[in-house]
Amino acid sequence: MPLTDIDAQRLGDSVADKLGNRNLIINGAMNVAQRGTSSTSAGFGTVDRFRTEVTSGTVTSSQESLTTGSPYDEGFRNFYRLTNSTASSDNAAGERAIRHMIEAQNLANSGWNYASSSSYVTLSFWVRASVSQEYYVYLRTRDGTSQRYAISIGTLTADTWTKITKTIPGNSNLTFNDDNGLGLELFFNAFQGTDSTDSGVSLNAWAAYASSTKLPDMTTTWSTTTNATFDITGVQLEVGNTATPFEHRSFDDELARCERYCQVFEYTGQYHLICQGIIETGATIENLFTLRRTMRAFPSCTLSNIADFRLNDFRGNDEDADAFIGISRGSLSTVNLKFRKPTSNMDIGRGGYVNAATSSGATMTFSAEL
């Protein structure tokens, strides 16, 4: 019997319900990079929601482009790259990895019965390295007693993209609180030193986390090769024991998810009105600033090019800001920004405003990262 239009619509809705919003990873296609496309610092510097972990030497992280072949043919246009800018001889304490962090409530409400060994999540991703050796990934839970799950992704063929799929069972020792704290971390390791590895580490099994037994012992070739590269893209973590096709989201959708953790405001050109407020003393002004969307937690704020922000009153007095004092109070969607002038020719209690007057570009970065 042929399907009616209503039946077909219902079937389509059912498929969409099962396939939509299934990826627990944010920005797994590496398309959003609010902070920039290259950084030589550890931490969040390039691709949103992914950070570089490095304890010795210099590693450059970057957002790179795909132009042909796989995984380009599967719809990926960007990837995250670690470049081993300086070879490391500190093989004991060294770490060079890409880290992703997931809120606890996203796991608690995912539908994964994580306390049961017969309930699963599946991790899939594309990986490439310029050095042929065995590489590892490990997961770490943060609530309750921290647990670790180590995975070998095998020996990679140099300069060749490989699709990795691993199914991970639950365990009675796992805990995920229903809150906005850190629940699960994923580490994609180009190198891990012997201070935190052990030949007795069991793969594909949950165990209590210890800083000395994160992974089995790793080959040092990547870390001792200058300009060695390690690339990932298409990272997906989903409930179930089967890897489904990657959930490609629109750029706007992915950006909105990233902005729960980081929002970057860029000002180039002349006279961008930033915010309005009250002159608290003769030299400071406090202004209410509305964020694009609600953040995970009350954010911190850093500014570039402080002199490009100008303080003004409504009597014609204006001057370059002398300092950004910080966020004095606010909520998860609005904050009060406090600036200081080098002089004190503004009347306390009068209204005032801040604008950006720059040709080179000034930024305000709000962060509520895990």
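Trainee: What makes strand β12 largely enclosed by the rest of the structure?

Mentor: Buried means under 20% relative accessible area, with exposed over 50% and partly exposed in between (1.4 Å probe, protein chains only). In β12 (residues 229-239), 10 of the 11 residues are buried, so the strand is largely enclosed by the rest of the structure. Do keep in mind that this is a predicted model, where local features need pLDDT of at least 70, side-chain atom pairs count only at pLDDT 80 or more, and totals for chains, interfaces and linings use all residues. Residues are numbered from 1 along each chain as its sequence is written, and side-chain values use heavy atoms, leaving out hydrogens and water.

Trainee: Why is β12 called a strand, and how do you know that β4 pairs with β12?

Mentor: Strands are DSSP runs of E with at least two residues, numbered from the N terminus. Two strands pair if DSSP finds at least two bridges between them. Four bridges join β4 (residues 78-83) to β12, so by that rule they pair, and they run antiparallel. T83, for instance, stands opposite T229 in β12. Strand β6 (residues 120-129) is joined to β12 by eight bridges, also antiparallel, and W126 stands opposite T233.

Trainee: What makes β2 and β11 edge strands?

Mentor: The open sheet has six strands in the order β2-β5-β10-β7-β8-β11, with antiparallel pairing. Each of β2 (50-54) and β11 (206-208) has a single partner strand, so one side of each is left without a neighbour in the sheet. Inside that order, nine bridges join β5 to β10 (residues 182-192), and I102 has L184 as its bridge partner in β10.

Trainee: Why is C262 called buried?

Mentor: C262 has 0% relative accessibility, so it counts as buried. C275 is buried too, because its relative accessible area of 4% falls under the 20% limit.
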